[in-house]
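Welcome to the tour! Open your viewer, get your selection tool ready, and follow along stop by stop.

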Amino acid sequence: MGRLRDAPKSQDKSGKNAAASACATRKSQKNAQSRGNDMLRKIIIAAASGLVLALSSGAFAQQSDRSPDAYKARAMLLNVVAEVKINREQAFEMFNQGGGRFKDGDLYVFCTDAKNGKFVAMGNANAKELLGQDVRTLKDPSGKAFGQEIYDAGQKPEDEITEVSYVFVKPSDPKSAAKTSFVTKVDDDYACGVGYYK
């Protein structure tokens with residue numbers, strides 16, 4: 001009879017081990033699923049933001065007096081918004097390096113802190129000294145306070161893109177030229193812009 005009583009205890013221990021193993025497997029699957037859901041959520045947010053920005057200004061596409069660079073600048077801005085929403089620190093580093101898909105001829109990215117107005121990214125090699133400077137202090141050679149306009153554009157709702165025209169140095173030439181930038185608020189912390197030279 002001793003053997004019969006031992007058998008259930010042995011089965012009970014193996015049942016507990018199986019249950020613990022199944023519980024650990026479920027936890028592992030939940031953690032993997034959670035990580036996957038977080039990444040999927042970020043991708044969906046970025047795609048949705050891009051779509052909203054693309055559709056928010058239908059009038060832009062109807063204007064035929066735009067240069068091809070204007071369309072490129074706006075498209076680049078949509079990519080900038082998505083990149084910042086996914087990983088802002090890595091995005092700012094890429095923008096500051098001024099290469100890859102965030103630099104195309106004289107098209108480049110700039111971003112500011114939405115609260116204090118200081119530049120956190122500047123893709124223009126001839127304007128790197130602006131990093132850390134308050135955008136609101138900038139004026140073009142004619143005295144236009146375009147920096148305040150850029151800051152104000154970054155205070156508008158996230159899906160709104162504002163055009164700001166001014167004179168500024170080109171990355172390819174330190175001489176100033178007429179420029180229009182598309183600026184938008186990325187989130188509560190940052191605003192970014194991409195402009196084209198005329």
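Begin by selecting Lys 139, which sits in the loop between β3 and α5. Keep in mind that this is a predicted model. Is Lys 139 buried or exposed? With a relative accessibility of 58%, Lys 139 is exposed, because exposed means over 50%. Now show what surrounds Lys 139: leaving out residues up to four places away in sequence, Lys 139 touches Lys 144, Ala 145 and Phe 146. Tyr 166 is 27 residues from Lys 139 along the chain, and 8.6 Å separates their C-alpha atoms.

Next, select Asp 134, in the loop between β3 (119-122) and α5 (146-153). Asp 134 has a relative accessible area of 19%, so it counts as buried, the cut-off being under 20%. Which side chain does the side chain of Asp 134 meet in a polar contact? Look for Arg 136, at 2.8 Å. If you set aside neighbours within four places in sequence, Asp 134 is also in contact with Asn 116, Gly 117 and Lys 118.

For the last stop, select helix α4, residues 88-97. Colour its buried residues, Ala 91, Phe 92 and Phe 95. Turn the view to look down the axis of α4: these buried residues fall within an arc of 100°, so they line one face of the helix. They pack against α3 (68-86), β2 (107-113), β3 and β6 (190-197). Then find the exposed residues Glu 89, Glu 93 and Gln 97 on the other side of α4.

How values were computed. Residues numbered from 1 in each chain as written. Predicted model: local features only at pLDDT ≥ 70, side-chain atom pairs only at ≥ 80, totals over all residues. Heavy atoms only, no water. Helix = DSSP H or I, 4+ residues; strand = E, 2+ residues; numbered from the N terminus. Buried < 20%, exposed > 50% of the residue type's maximum accessible area, 1.4 Å probe, protein only. Polar contact = N/O pair within 3.5 Å; in protein donor to acceptor, adjacent residues only side chain to side chain. Contact = heavy atoms within 4.5 Å. Arc of directions from axis to C-beta.
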